[in-house]
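Keep the viewer open as you read.

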Amino acid sequence: MPEGHTPAHFHAWVWLTWMTTILLCVSLTRNPLYLVVVWLCVAIVHAAGGMGELAGGNAPLPFWLSLMVVPFGAIFNAFTVHVGERVIFILPGQFPLLSGKITWEAVVYGATNGLALSVILLAFWVFNRNVSIPSFLHMLPRAFHSIAIVGSIAITFVPLLQREVHQIQEAQAIRGNNLSGLRNKLALLLPLLVSSLEHAFQLAEVMTARGFLQSSVSSNQTVWRGAFLGGFGLLLGGWLSRFWGLPGWAANLLFGGAMALFVIVVLATTRKVRYTVYRSTPFRLRDALAMSGCACLLIFLLFQSFVLSAPRLAYSPYPVLRLPPFEPWVACLLLGTLSPWLMAAFQKHDSVS
Amino acid sequence: MIRFHNVSFSYSPAQRWVIRGANFALPPGIFCLVCGASGSGKSTLLRLINGLVPHFSGGIVEGEIDVQGVNPIQVGPQQMSRQVGFVFQDPETQFILDRVEDEIAFNLENAAIPAPQIAQRITDTLQALGILHLRQRRLESLSGGEKQKVAIATVLSLAPSVLVLDEPTSQLDGHSAEEILTLVQNLARQRKLTIVIAEHRLDRLLHFTDYLVYLPGKEQPPLAGDPRQVLLQMESVPPVVQLGKRLGVQPLPLSVAEGRQMLQNVGMDRLAHRSSFSQSWLTNRESRQAVLSLEKLRVVFGKTQALSLVSLQLYASQILCVMGSNGAGKTTLLRAILGLAPLQEGRIQLLSEDITALSTWKRSRLIGYLPQDPNALLFSETVLEELLLTLRNHALPEDAEKAGSLLEKLGLATHADRYPRDLSVGERQRVALGAILVTQPLVLLLDEPTRGLDERAKSRLSDLLRDFRDRGMAILVVTHDVEFMLNLADRLVILENGRLIADGAPAEVLLASKLPPAQILQLFPNQGFRSIDEVWQAMGEALSRMPDKNDHQALLVCHSDDNRPPLLE
């Protein structure tokens, strides 16, 4: 086991499943009661701190900051969507987009959207805190190795970009620009673009000098790229055949062909990509247990949405505001997102006793 | 073995040759220094060794290159990465991941090194560089010197036989630079590595160097060979070599120790200096009003005291240099003066006005600040427009004539219509200087202005700053460059851990500090010489007082006893 990897950590797959479940939950429901349950679960996991490889690596996101989007969403929606029966007041005048009736329905819908955003924000923070970049990269199929590296560079580029923006703002102030007004703020863009391009160029040079993908150079790259494009062609053909009203079996045949081609390309290129993995963390029983709650919820959500097409989680405050439905067993299932925290707490208790 | 046979390179057929007729051969395990002015082709030459040029940059190559039996032009940089490790100038831009161990492992994973070997290789490399304790650290938490060591570790982990370094110490303080260079030299010995390193600061490296490649630029072929022979044909050389050349000594001294021996041999080691430790500013400072007054400045970042009750006065017609190790608080001091670093405590006064509460953009009208990277200040389409933009920002009249005359003074009149970022490093710095000087500030603050500058550009900058000083400007310069400081400063202050620990005449303060002293001070520790010209002048005066003025050289050499009187009282 590599140094610095303590047994309390969960496998990156646990967090990916957890994250996927949260995102699916948030995308499938606008029921504020269920969203509150999910938010509380994520907040508990977030407050519990690092349970992954980077335990304590990043500072926790303050809750008030994540909740700021809730009133913002409510106000924004109230002033831009003038739909609903329960009117709070009417904004007079001819202000484009703003003037009209301000309704409770729009306020509730905006706040619910804000709550969903808050959940996403917290969940990403938890994921980022518990999964290191190398672990994340190693989860992806080898065929996508270069794409994964680009992704990791993009992640590490964010703090650099922030520093760059700060530096340019200071330089503007030194030159006597007080950065008030949109025109003055636009003066940030050009230097930021130039410095970002310079940085990208330097990094590309560094990676070339270090021999990035040197071991993976394939002589058949053009063939595989062509096959990949062919797959997209078949996919497009399938959609077009549905659009033109051709028999369903024809579209399914084209879709199947596309999928088969994608799988062949991914498998073939995976064999060509040569790299080794330093931190290969084994997937253990406790990882499976920590994942189980999320996995159950994930299966339920997928089954509900794509097989039954049942609107059990659906809710809309429009056109008339009413109490959202609440089924206790659904809420219990949502508590499955607490499983990493429960497993960590159980382990802690076990090790203390 | 690295062999260049008649190698010429140009970035495009329409452009001049950057390298012309390079012919040299480096045996394995050699320490080779590549030097030359900015734009002379040092980085290009280094990149030819691993094939980054022309594979990454494009361009036309003529001649043959052989690196360990492989032609980098044919196989390209990716294949060459196993033989040639390349360390770039700025460690910050070299990192892909966020932790030391992951960063090194990334290289090895990509080279498909079996996983069980990776941990061992990481340990061995970190141990060789003496940074095993940094293994789990986040890269952002490391100091500049530590980052550069990690950058070296990253390329060394692949066990290359050639290590190429492009100005690896340009952003480090004297101690960190010395540490890195000693480390590199030890690696060369222990691992039989061939080292090829490009540097402007020859004084830091000559005593390590086995082989010197000098690029004179202007399509002249490089001079290569024994350092003492090549140095004879170079214009810009470190003070110790300069003195040796003026004295006509052969072989030339490369280090301070060799310089001292040379001085003993010619009887110059006890040469006295009439104007030692000019202290005019000290004697009359009570009678002058400070242009900039800092009172008990305190700046705190988290739990770190970046500045701790720093008080300082800066006078008109004075160049004050601030030195100290990396992280001592030098840049923070400048930023605090400009209002870019928030003060916890203290007061800043410009003439008789308290400016502590004034915003940065208002202060910048009267206090010019040139940050470390002058590129950050350049936004406009043309050089002239840069100057006019500052005037516009301050709601001052856009006087193109006045801006033009400033450009003339800065030696940029012919570049007025050019795009600023297309200019050389030294020229870009002067454009940035123009952009902040166009408002005619009372005070000028410069942060590491010699970074990336060659000797000629440094000398030009010194002349410019002296000219501004003579016109009454108060100038504060933060620098690691001791030779530049000694040549320029009227006064030196030293910062350590955010505290001002010394303030006085430059040579005196520098000698009493822990900072690495300038070569001239090491050669003449008590005589107060600040440049070779002063030494030469004193020597001339001493010789003129000698009884037999026709045999100066013989008289200088004849002293051999320790009881001889100084040449000049």
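Start at B:Pro251, which sits in the loop between helix 9 (239-247) and helix 10 (256-266) of chain B. Helices here are DSSP runs of H or I with at least four residues, strands are E runs of at least two, and both are numbered from the N terminus. The bond joining B:Gln250 to B:Pro251 is a cis peptide, with omega about -5°.

Before going on, some ground rules: this is a predicted model, where local features need pLDDT of at least 70 and side-chain atom pairs count only at pLDDT 80 or more, while totals for chains, interfaces and linings use all residues. Residues are numbered from 1 along each chain as its sequence is written, chains are lettered from A and ligands numbered from 1 in the order in which they are written, and side-chain values use heavy atoms, with hydrogens and water left out.

There's another cis peptide bond in chain B, from B:Val53 to B:Pro54, with omega near 10°. B:Pro54 belongs to helix 2 (residues 52-55) of chain B. You'll find B:Ala112 in the loop between helix 4 and helix 5 of chain B.

Now for the interface. Counting contacts as heavy atoms within 4.5 Å, 62 residues of chain B touch 53 residues of chain A. The buried area (accessible area, 1.4 Å probe, that two parts lose on being put together, summed over both) is about 5000 Å², and carbon and sulfur atoms give 55% of that. B:Phe56, B:Ile96 and B:Phe379 supply 15% of what chain B buries against chain A, more than any other three residues.

One pairs B:Glu103 with A:Arg210, with the closest N and O atoms 2.6 Å apart.

Several elements of chain B give two or more residues to the side that touches chain A, including helix 1 (42-50), helix 4 (100-110) and helix 16 (425-437). Helix 4 of chain B gives the most, with nine residues.

Technical notes: Salt bridge = Lys/Arg side-chain N within 4 Å of Asp/Glu carboxyl O.
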